[in-house]
Amino acid sequence: MASKEEVLTSIERKRGSTSAIPSVLPVLPLRDIVIYPNMIFPVLIGRASSLKAVAEALEREKYIMLVAQRDPSVEEPGFGDVFEYGTVAKVLQILRLPNNLLKVLVEGMVQSRIVRSVSTDPFLEAEVQQVATTFNERDRDLKAMVRHASELFDQYVKQNRNLPPEVLGAFEAIDDPVRKLFYAAANVQQKVDVKQRILNTEVLHEQYYQLVSMLTGELELLKLEAEIDGKVQDQIQKSQRKYFIQEQIRALQKELGDDEELSSDLGPLRDALVNAGMPEATLAKAMEEFERLKKTPSMSPEFNVNRTWLEWLSNVPWTTRSADDLNVQHVQTVLDDDHYDLEKPKQRILEYISVLNLVGSLRGQILCFVGPPGVGKTSLAKSIARATGRNFVRMSLGGVRDEAEIRGHRRTYIGAMPGKIVQSMKKAGTVNPLILLDEIDKMSMDFRGDPSAALLEVLDPEQNSAFNDHYLEVDYDLSNVLFIATANVKYDIPAPLLDRMEVIELSSYLEPDKVEIAKRHIVPKQLKAHGLEDFPIEFTDDALLRIVRDYTRESGVRGLEREIASVLRKIAAKIVSRVTMESGISDPTELKKTKAFKVARKKKTTVSAASLPDYLKAAKFKTKSEDLVDKVGVATGLAWTSMGGDTLPVEVTIMPGSERLTLTGKLGDVMKESAVAALSYLRANFATYGLDPEFAKGKEIHIHVPEGAIPKDGPSAGITMTLALLSAASGKPLRGDLAMTGEVTLRGNVLPIGGLNEKLLAAKRVGVRTVFVPKDNIKDVHELAPAVTQDLEIVFVDHIEQTVPIAFRDDAITVTSNRVVSHPRPKAAKKINKPTATSIPKPTSKSGANTKQNNRLRK
């Protein structure tokens with residue numbers, strides 16, 4: 001800003017009048033600055049239009065109109081982009097700079113207004129009108145305003161450290177109130193639009209009002225800044241003083257030989273470390289770190305790092321344990337109350353409790369529940385914790401891809417923390433909790449490491465007694481923890497990790513099981529959740545069965561629970577609507593006190609199979625009878641997914657065209673190879689099935705698996721593709737009520753498959769009555785519940801030839817095999833109509849759990 005001498009010199013240069021200023025002047029738009037009259041300021045110019053405007057001003061007695069831009073980002077402003085009011089200035093000096101820049105020193109002469117635009121090319125040119133502002137000595141209000149503004153400006157300069165004291169001396173030397181106004185406004189730090197308000201008015205009283213507003217706002221900000229600065233300084237002084245006092249106390253203690261006095265926050269920490277019950281080696285390391293902490297200044301970053309580490313050591317449980325409930329009958333009761341069926345995992349827990357009764361402690365109990373979603377894996381783990389009296393902690397592993405999430409980070413990292421295992425132990429508060437490793441098959445790996453490899457130590461009974469977290473860096477005993485993992489697909493679990501766990505498979509629920517689960521657990525739970533537990537609402541067995549069949553198609557019961565909740569929501573809406581209409585009261589508190597509400601609580605509501613469409617609309621799933629009709633080139637396979645079992649129809653069409661095999665339906669590589677193997681087998685053995693030796697010559701064979709948007713893979717569709725190809729090549733229809741599963745080799749042998757329980761349930765769900773199963777899977781049938789195989793004709797085969805007499809009606813295809821084999825010809829297929837003692841050999845051993853399950857299902 002201009003100094004006192006510059007202002008006085010400028011005043012002398014005025015020569016008393018501005019009448020010599022032309023009325024038409026070049027206009028110079030300014031960015032981020034407002035120039036007032038009597039103000040000398042250097043302006044940096046770079047725009048071509050601005051350079052031409054300055055050049056023209058030099059030709060016109062050096063006068064130019066200075067106006068501020070409304071938006072400084074506009075590169076080539078027009079008259080609509082600049083303010084109407086500005087200042088006529090005179091060019092005092094020009095200095096050329098590199099890069100075609102021009103530094104122009106201008107002096108504001110008089111406040112002016114743009115009256116009319118004259119030209120916009122090559123620069124802005126306008127007709128301007130001078131604003132004559134006068135001071136009336138008789139205006140007492142104006143004089144008071146000038147005095148008040150002078151006082152505020154005095155305070156502003158004294159409080160603003162960015163303004164030198166000379167500014168105030170120059171201000172006081174000015175007698176003209178108009179010049180005082182513009183001088184004060186020029187020295188106030190404000191935005192362009194705020195400072196422009198003074199130029200936008202032609203009344204001196206209003207201009208001073210704007211100046212007072214600017215100064216008042218700035219003084220408030222300066223006051224606030226001073227308060228904040230004072231608080232910061234006080235805090236710094238207190239911290240420094242505290243540090244000096246602590247150092248003096250520490251020095252005095254050292255001189256006196258008394259180093260045992262601890263601060264109020266470190267004393268409890270030492271007591272917690274001593275009383276934690278940690279092993280001697282761990283306690284020695286903790287106390288060594290504690291002694292180092294005492295000597296570390298509290299302002300040091302290392303102080304907080306070491307203190308947090310010691311707090312974690314003292315907070316994790318070392319000896320605290322919950323008492324195990326070893327009453328076998330109590331555990332059996334709790335498990336049966338919480339879950340229907342699931343006899344195998346229940347029996348395994350009872351065995352665990354029984355052994356605990358004999359030996360007192362048992363290590364290495366790591367179970368893995370594998371099954372489709374919604375069959376009760378997580379809730380069963382909670383029930384086991386409740387039955388055994390252990391604290392329950394759930395640790396979700398889905399999406400975990402960083403090894404440090406299991407083992408923790410080194411203390412050297414900022415914000416380091418222990419891994420999920422140690423955090424779970426702290427949350428449990430005991431050394432013998434039940435930790436659920438949920439979704440252990442959903443872990444992945446990336447450049448940060450493999451979390452499944454970090455779990456190897458956790459789940460190894462020989463190693464987890466000395467688990468070492470990267471953050472704690474001490475051995476921690478996990479051998480008393482009962483680990484239970486859950487997974488949907490066993491094959492997605494890494495083999496070394498799977499080897500350390502005892503896998504218990506939870507299969508899909510049967511329809512009677514789902515109905516019973518709904519009656520015992522889901523309906524009471526949802527009645528309570530919807531506030532209807534006091535209302536006489538009943539679901540008939542037929543209604544629940546229809547929901548299971550027509551509105552859900554799943555392995556578990558989550559969809560069933562959602563549909564039951566949907567029914568209850570609609571019942572609740574009807575009850576509230578009816579009570580509100582009858583009573584005329586809408587307030588929830590008052591509504592429950594009405595007579596209509598009490599009557600509604602006594603009125604029984606029965607949800608039957610016939611009334612279900614009123615609540616759930618049309619059925620979502622329905623088995624079509626035409627799906628079971630015999631068709632040419634269509635075979636029904638059985639598939640197993642993480643969601644349970646499902647049917648997989650395979651369609652084959654042979655048509656004229658280029659000799660090739662086309663596969664569609666988003667098939668995986670293994671499934672594509674099965675199709676190629678099936679075609680190669682039939683081409684090599686065409687005579688066996690009475691096929692035309694050139695049935696594939698000059699023909700395009702198209703194999704399609706419907707629901708093409710869903711990826712499909714696996715070898716178990718080999719038998720399905722082979723029979724579908726045979727049907728299409730011979731023109732003979734396959735039985736529609738037949739389903740099959742099995743891998744086929746180039747020699748026609750049928751190899752065993754997995755997921756048999758879910759596949760048979762899928763077959764029963766769609767109405768299939770005959771199923772081809774690999775002969776090597778006969779051992780798996782013995783482990784199935786009788787309700788699974790009931791009403792199913794299971795045909796065991798070990799060669800594709802054995803399927804033809806059953807797959808095609810009325811001996812439509814005759815098998816004449818001339819194969820040369822080094823082993824006896826495969827025996828006839830073995831049929832099983834019902835799982836009786838004569839049709840299926842009894843297993844060599846039978847658990848009590850299976851016996852109880854079989855008896856219940858027979859009932």
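These entries record what I looked up in a predicted model.

**Entry 1. Ground rules**

I worked with a predicted model, in which local features need pLDDT of at least 70 and side-chain atom pairs count only at pLDDT 80 or more, while totals for chains, interfaces and linings use all residues. Residues are numbered from 1 along each chain as its sequence is written, and side-chain values use heavy atoms, with hydrogens and water left out.

**Entry 2. The second largest cavity**

I looked up the cavities and found three of 30 Å³ or more. A cavity is a set of points, on a 1 Å grid over the protein atoms alone, where a 1.4 Å probe fits but cannot get out. The second largest cavity has a volume of about 40 Å³; a volume is the space filled by probe spheres set on the points, which are joined across faces, edges and corners.

I then listed its lining, meaning residues with an atom within 4 Å of a point. Among the lining residues are Leu30, Ile33, Val34, Ile35, Tyr85 and Gln196. The elements that give two or more residues to this lining are β3 (63-68), β4 (85-97) and α6 (192-199). Helices (H or I, at least four residues) and strands (E, at least two) are DSSP runs, numbered from the N terminus. β3 gives the most, with three residues.

Ala, Val, Leu, Ile, Met, Phe, Trp, Tyr, Cys and Pro count as nonpolar, Asp, Glu, Lys and Arg as charged, and the others, Gly among them, as polar.

**Entry 3. α5 and α6**

I next examined α6 against helix α5 (residues 177-186): they pack at an angle of about 175 degrees, with their axes 11 Å apart. Axes are lines fitted to C-alpha atoms, for helices over the stretch in contact, and angles run from 0 to 180 degrees between N-to-C directions. α5 and α6 are therefore roughly antiparallel to each other (the term applies to angles over 145 degrees).

Leu181, Phe182, Ala185 and Ala186 of α5 meet Lys195, Ile198 and Leu199 of α6, where contact means heavy atoms within 4.5 Å. I counted six nonpolar, no polar and one charged residue in the contact of α5 with α6.

**Entry 4. α9 and α10**

For helix α9 (residues 280-294) and helix α10 (residues 301-315), the axes come within 10 Å and cross at roughly 150 degrees. These two helices, α9 and α10, are therefore roughly antiparallel to each other. α9 passes α10 in a left-handed crossing (the near helix is turned anticlockwise from the far one by less than a right angle; clockwise would be right-handed).

The residues that meet include Phe290 and Leu293 in α9 and Phe303 and Trp309 in α10. By class, this contact of α9 with α10 has seven nonpolar, two polar and five charged residues.

**Entry 5. α11 and α13**

Helix α11 (residues 328-338) and helix α13 (residues 377-388) pack at an angle of about 150 degrees, their axes 9 Å apart. That makes α11 roughly antiparallel to α13. α11 passes α13 in a right-handed crossing. The contact includes Val331 and Leu335 of α11 and Leu380 and Ile384 of α13. I noted six nonpolar, two polar and two charged residues there.

**Entry 6. Two loops**

Which residues does a cis peptide bond join? I found that it joins aspartate 121 and proline 122, with omega about 10 degrees. Proline 122 lies in the loop between β5 (101-119) and β6 (125-130).

Asparagine 100 has a phi near 60 degrees, a positive value in a residue other than glycine. I located asparagine 100 in the loop between β4 and β5.

Key: On a 1 Å grid over the protein atoms alone, a cavity is a set of points where a 1.4 Å probe fits but cannot get out, and a pocket is an open set with protein on both sides within 12 Å along at least five of seven lines; lining residues have an atom within 4 Å of a point. Angles under 35 degrees count as roughly parallel, over 145 as roughly antiparallel, 65 to 115 as roughly perpendicular and the rest as oblique.
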